[in-house]
Amino acid sequence: MIPGLLQLLVFQGLGELLARFAVPAVPGPVLGLLLLLAWLRLGAPLGARVGAGLDEVAAAFTRHLGLLFVPAAVGVVMFLPQLREHALGIAVALVASVVATLAASAWLLRVLAPDESAAPDAGDEPGAGPPA
Amino acid sequence: MTPALPPIEEIWVYLAGSPLLALTLTLAAWHLGTRLYERSGRNPLVNPVAIAVAIVAGAIVAIGMPYATYFEGAQFVHFLLGTATVSLAVPIHRGLDALRGRVLPLLAALVGGGAVSIAVAIGMARLLGVDAPLVQGLWAKSVTAPIAMGVAERIGASPTLTAVYAVVTGVLGAALGRYVLDAVGCRAWWQRGAAIGIAAHGIGTSRAFNVHPDAGAWASLAMGLHGVLGAVLIPLAFGR
């Protein structure tokens, strides 16, 4: 676990340095992600691989990702008056946007890469619906 | 004789000033949120983030703790967002192995879906007369929240509003996903997963994993790539 966390922190640090001194438009952690990805994909001859430690830490972060944005999201208390005033507009914008995004992405994939191989049966659990 | 306890106000001042209270409150609220989510049979509408945020927000308002004080304590949790962002390299690395000949369709869906997400959200909000600062938070909301907040900082939007919109978007996408995907006739698991990952990031992705492993793997790949593309492209497109 510790070696995995250490590896992530080192790449996060490298990303922050790169963001600070070379690519200020991109957040440091995203550059850290790209550096780690490049290391994993290109560094195999040098011994790069997803070790058990990294795998464990990455899985833990995935499982509890939601916890990490609670502190920032609680800041919503400072926006409550404005949000209440524009609640309808924001709600409509969010619903319309997510429906349009799902439809556009799915449609593009379906048209550009026709694939009926793994089609779920009609009446079977179709996609991201509630479990039976 | 036991020594006299200090007055309750003194104990309170001590507790409220240390990170202990904010951290304990945050973890307890998250724990309760995940318990309720599991109890509900992982119903996307019983979202653990939304529950935890409501509990913490209610608690700090009730005890009169300013948000800045709370955040000072909870920043240790907040800091790990960056580390968690770096860890997204692992699912992307795994997903790329399964990509085979699907690079171009996926890229088209990522860029097209991302553009539609921004255009519809901003257009609708402006049309309905929403104030500009509230609209700015919509730019990055379809990108996974840790990256979205970094992007929001870069473009001068509120990271808090962006995080809140991102959570709501994830909940909506996870709940509405199957109906929209059925309506456009998208049937292959990898395509359904990728569309959910693009539109509804982490919350949609965990939903997709519950339904089918292929859908989950593609959702996490699409979510990660959307985050990377968004981080690079959104600052370029912002304000046009």
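User: Which side chains meet in the salt bridge between Asp55(A) and its partner in chain B, and at what distance?

Analyst: In this predicted model, the side chain of Asp55(A) meets that of Arg94(B) in a salt bridge, with 3.1 Å from N to O. A salt bridge here is a side-chain nitrogen of Lys or Arg within 4 Å of a carboxyl oxygen of Asp or Glu, so the 3.1 Å pair of Arg94(B) and Asp55(A) qualifies.

User: How many salt bridges does the rule find across the interface of chain B and chain A?

Analyst: The rule finds two across that interface. Polar contacts are counted separately: 16 residue pairs between chain B and chain A are in polar contact, with both residues at pLDDT 80 or more.

User: Which element of chain B gives the most residues to the side that touches chain A?

Analyst: That is helix H9 of chain B, residues 159–183, with 17 residues. Sorted by class, the side of chain B that touches chain A has 68 nonpolar, 22 polar and eleven charged residues.

User: How many residues are in contact between the two chains, and what area is buried?

Analyst: On the side of chain B, 101 residues are in contact with 81 residues of chain A. The area buried between the two chains is about 8,000 Å², and carbon and sulfur atoms give 78% of that area. In chain B, the residues that lose the most area to chain A are Val86(B), Arg178(B) and Arg187(B), together 8% of what that side buries.

User: What should I read from the elements of chain A?

Analyst: Start with the kinds of element and then take their order. Chain A has seven helices and zero strands, so read from the N terminus the order is α-α-α-α-α-α-α. For contacts in chain A between residues at least 6 apart in sequence, 42% join residues at least 24 apart.

User: How much of chain A is buried, and what does its surface consist of?

Analyst: Of the 132 residues in chain A, 46% are buried. The accessible surface of chain A comes to about 6,500 Å², and 70% of it belongs to carbon and sulfur atoms.

User: Where does His86(A) lie, and is it buried or exposed?

Analyst: His86(A) lies in the loop of chain A between helix H6 (80–85) and helix H7 (87–112). Buried means under 20% relative accessible area, so His86(A), at 9%, is buried.

User: Which residues is His86(A) in contact with, leaving aside its neighbours within four places in sequence?

Analyst: With those neighbours left aside, His86(A) is in contact with Gly129(B), Val130(B), Asp131(B) and Leu134(B).

How values were computed: Residues are numbered from 1 along each chain as its sequence is written. Chains are lettered from A and ligands numbered from 1 in the order in which they are written. Side-chain values use heavy atoms; hydrogens and water are left out. Helices (H or I, at least four residues) and strands (E, at least two) are DSSP runs, numbered from the N terminus. Buried means under 20% relative accessible area, exposed over 50%, partly exposed in between (1.4 Å probe, protein chains only). Contact means heavy atoms within 4.5 Å. Accessible areas come from the Shrake-Rupley method with a 1.4 Å probe; for residues, only the protein chains shown count as cover. Buried area is the accessible area (1.4 Å probe) that two parts lose on being put together, summed over both. A polar contact is a pair of N or O atoms within 3.5 Å; within protein, one must be able to donate a hydrogen and the other to accept it, and residues adjacent in sequence count only if both atoms are side-chain atoms. Ala, Val, Leu, Ile, Met, Phe, Trp, Tyr, Cys and Pro count as nonpolar, Asp, Glu, Lys and Arg as charged, and the others, Gly among them, as polar.
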